Amino acid sequence: MAPAPEPTTAEKLGMIPKVLFAIGSVFYHILTRPFTSSPRPVDLFRDALFAGMRAFLSNISTAQEQASQTTTEAEYLAVSKYKHYEPDTDVLESGLRVHWLGAKLSRTTILFLHGGGYNLAATAGHFEWLWELKQDLGQQSSISVVVPSYTLAPKGQYPLQLQQAAEVLQWLITKQGKSAGNIIIAGDSAGANLNVAVLSHLLHPHPDVPEIKLREPLAGAVLISPWARFISETDESVTRYASSDMVTVSAAKRWSANYLGDAKLDFYNQPADADDQWFTGLDKKVKDVLVYAGGGEILLDSINAFTKILKQAHPRVELVIQPGVAHDDIILDKVLGYQKKAEGTKVIESWIAQRVDKLGY
């Protein structure tokens, strides 16, 4: 496990011009919005903010990026305090910390693996979104959410995060007494990539990851803007939606390089390139799969390619593309402070509710 990068004094001072450049990009984008025909976010606020985010993400170093944020656990504790919820964290045998939202004795459990390019911790937006999801679904069923603080790259690299995700899932079944048929795995962006790696591991046990033993299929999998191919500039959506998304090619390359380290690309970490047989038998491991994507995100082509492979192997895979929205929009809306429930959230909530109803709760 490599040490987490620490910003040098020069890098700390170097943040100032990068922030100023990002601010300048915001104003430039506002001024040029009326004169461009390329796809842009639906409103001026997102358009301007995404421009600043792209400028910042494209120029920042890993040490600067990680020094500018807090930890997954710190965000969990902050949101718990704000929601007047007594935090509940378990420590697994490996030392991995997992955080609960809702009662451990709930009948249905959502194992949520957060996004952030494997380099960034979960945000307050993640926990805000998960809290509201749990509250809304909890009006009709007994449900809880568990979020692991998996190790971020480059301190931890592939397949460590897959080992940790497998450990949590097995722990839920063997130590918490959860039935696999009552567990829904979910995640956004890199977290969705990690969920797919878990599904691949169930089909093809990874030689460096402990086996997960299921007596029945998982209840479902929700893959939100899955990072199905780390980045491919040959995907048309990468250039087509470069001005309507906040993710950039340079940021994605930095994140994936930090995550992979010396490891090679394979079907576990880049499922959009899997062969036609890789996901055969997936319906025996998970009952239903929902893939959600934004119609204005640079990963759209890779998500479409990945979903096509899934559908060849599993008869109950549903793809929902929300027109015009960016990568991971439902979480990003919470980060930006939007109070209105996103259309994508309504889709996901309804999909989960239908599966919970089938379980008879």
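Predicted model: local features only at pLDDT ≥ 70, side-chain atom pairs only at ≥ 80, totals over all residues.

**Exercise 1.** What secondary structure does the protein chain have, and how far does its C-alpha trace span along the principal axes?

*Solution.* Start with the elements: the protein chain holds 12 helices and 8 strands. Then turn to the extent: along the principal axes, the C-alpha trace spans about 55 × 45 × 40 Å.

**Exercise 2.** Work out whether the radius of gyration of the protein chain agrees or disagrees with that of a compact globule.

*Solution.* Begin with the expectation: for 361 residues, a compact globule would have a radius of gyration near 21 Å. Next, take the value for the protein chain, which is 20 Å, so the two agree. Finally, consider contacts with a separation of 6 or more: 81% of them join residues 24 or more positions apart.

**Exercise 3.** Find where Asp328 lies, which residues Asp328 touches, and how far away the nearest side chain of opposite charge is.

*Solution.* First, locate the residue: Asp328 sits in the loop between strand S8 (317-322) and helix H11 (329-335). Second, list its neighbours, leaving out residues up to four places away in sequence: Asp328 touches Asp188, Ser189, Ile224, Ser225 and Glu297. A salt bridge needs the side-chain nitrogen and carboxyl oxygen within 4 Å.

Definitions and conventions:
Residues numbered from 1 in each chain as written. Heavy atoms only, no water. Helix = DSSP H or I, 4+ residues; strand = E, 2+ residues; numbered from the N terminus. Rg over C-alpha atoms; globule rule 2.2 N^0.38 Å. Contact = heavy atoms within 4.5 Å. Buried < 20%, exposed > 50% of the residue type's maximum accessible area, 1.4 Å probe, protein only. Lys, Arg positive; Asp, Glu negative; His and termini not counted.
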